[in-house]
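I opened a notebook page for this structure.

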Amino acid sequence: MPVAQKMPPPRLVRLVERLREGVFRLHQRMMPPPVTMLEMITAGMVSQAVQVAATLGIADVLAEGPLTPEEIARQVGADADGVRRLLRALASQGVFRADRSGRFALTPLASTLRSDAEMPMRSIAIFTNAPEQREHWSHLLDAVRTGEPVMEKVRGVDVWTFFEKNEELADVFNDAMTDFSNFTLAPVTAAYDFRPFTSVVDVGGGQGAMLAAILARAPRAEGVVFDLSSAVAGAADTLRNAGLADRARVEAGSFLERVPEGGDCYLLKNVLHNWPDEEVALILRNVRRAIAPGGRLLIIELIIPEGNGSHPGKLSDLDMLLLVGGRERTEAESRTLLANAGFRLDRVIQTASPLSVLEATPV
Ligand SMILES: C[S@@+](CC[C@H](N)C(=O)[O-])C[C@H]1O[C@@H](n2cnc3c(N)ncnc32)[C@H](O)[C@@H]1O
């Protein structure tokens, strides 16, 4: 189970990130700018090649050891020359590795595409470059010109309705969200002590994985996953399978209207970034009305740092603009939204993942 993983200290992770940023900038300064720009322009090809390897399940096929392109192609139902060229291109990026005899093997990067990887990236790779998502991103120009999401224009419905109508894509999306969630559960539960709480409400808690991980760490606590009726059935399964049926329950509803009353810990993980400021204000006010005196609100998001450094939130922010009209926010922006809803931002806790935990108390 991912939460049992030992996490590196967030400070060490930030140091490594700064070193990487330094090397990256140095590399950029040393290369002729057109060469670096060409690499950026073609970066989407790498991403698409990863998606193809993930979709074909090549990393699973190589789990037992190296194989020739012909052997791989037979097992995944593809063309041997196509597979060889795909894997040669990916090996040039450190994903897969060819030996002298021309057989391909897994590398640590390629292993993340295995279905049974400890923190699998396969579904994220498949969803990010699914044809529909590529089509949405091809409208980024529109979103930047208008400041509006493009879904209504491109699909005639919002993104959630579009997923509802496309079950296959919805499955790919849900699997990707589960992979994202697994990627962040261990860092979040390692960075924040949930043991003092007795009643945790995961607002927009999705499939319930976060609440299950928290309750595993906080044996005194009970919990509720609050989400739309379309999501809570999956959450009930997660909680039952985790042996938490006696301490956790699900409740269906819209956080734009209300949230369950009386918790001493309210979580909003990867929820607020889906919404414009007006709806965020509404959600926060609903939590403010429901939270027990002395309770804590924890917002878990990609908090955009000041300055020009790289951070995944800066690209995810474009995804939010494009698909849902939401945004990734800075600490200052979050502080203001919290204050306007009757909360004081007390601490910003870094995790070993790019997510931060914003701890706020009602005032
Ligand atoms: C990006 S997902 C995050 C899920 C989960 N917190 C996580 O981190 O994996 C956003 C969640 O908000 C839920 N949601 C969207 N609109 C909602 C509403 N009006 N009321 C309650 N939940 C809603 C979605 O169903 C989804 O589970």
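I set the exposure terms before anything else: buried means under 20% relative accessible area, exposed means over 50%, and partly exposed is in between, with a 1.4 Å probe and protein chains only. I noted that this is a predicted model, where local features need pLDDT of at least 70 and side-chain atom pairs count only at pLDDT 80 or more, while totals for chains, interfaces and linings use all residues. Residues are numbered from 1 along each chain as its sequence is written, and side-chain values use heavy atoms, with hydrogens and water left out.

Entry: the ligand.

I then looked at single atom pairs. Aspartate 227 has a polar side-chain atom 2.6 Å from an oxygen atom of the ligand. Serine 254 places a polar side-chain atom 3.0 Å from a nitrogen atom of the ligand. For lysine 269, a backbone N or O atom lies 2.8 Å from a ligand nitrogen atom. Taken alone the ligand exposes 590 Å², and the protein buries 85% of that; the areas come from the Shrake-Rupley method with a 1.4 Å probe.

Entry: salt bridges.

Side chains of opposite charge can pair when their charged atoms come close. I counted a salt bridge where a side-chain nitrogen of Lys or Arg is within 4 Å of a carboxyl oxygen of Asp or Glu. The structure holds 16 of them.

Which residue forms a salt bridge with arginine 155? I found glutamate 135, with the closest N and O atoms 3.2 Å apart. Arginine 155 counts as partly exposed because its relative accessibility is 24%. Glutamate 135, at 37%, is also partly exposed.

I looked next at glutamate 251. It forms a salt bridge with arginine 249, at 2.9 Å between the closest N and O atoms, and another with arginine 258, at 2.8 Å from N to O. Is glutamate 251 buried or exposed? It counts as buried, because its relative accessibility is 17%. Arginine 249 is partly exposed at 44%, and arginine 258 is partly exposed at 38%.

Last, I noted that salt bridges link Asp81, Arg84 and Arg85 in a network.

Conventions. A polar contact is a pair of N or O atoms within 3.5 Å; within protein, one must be able to donate a hydrogen and the other to accept it, and residues adjacent in sequence count only if both atoms are side-chain atoms.
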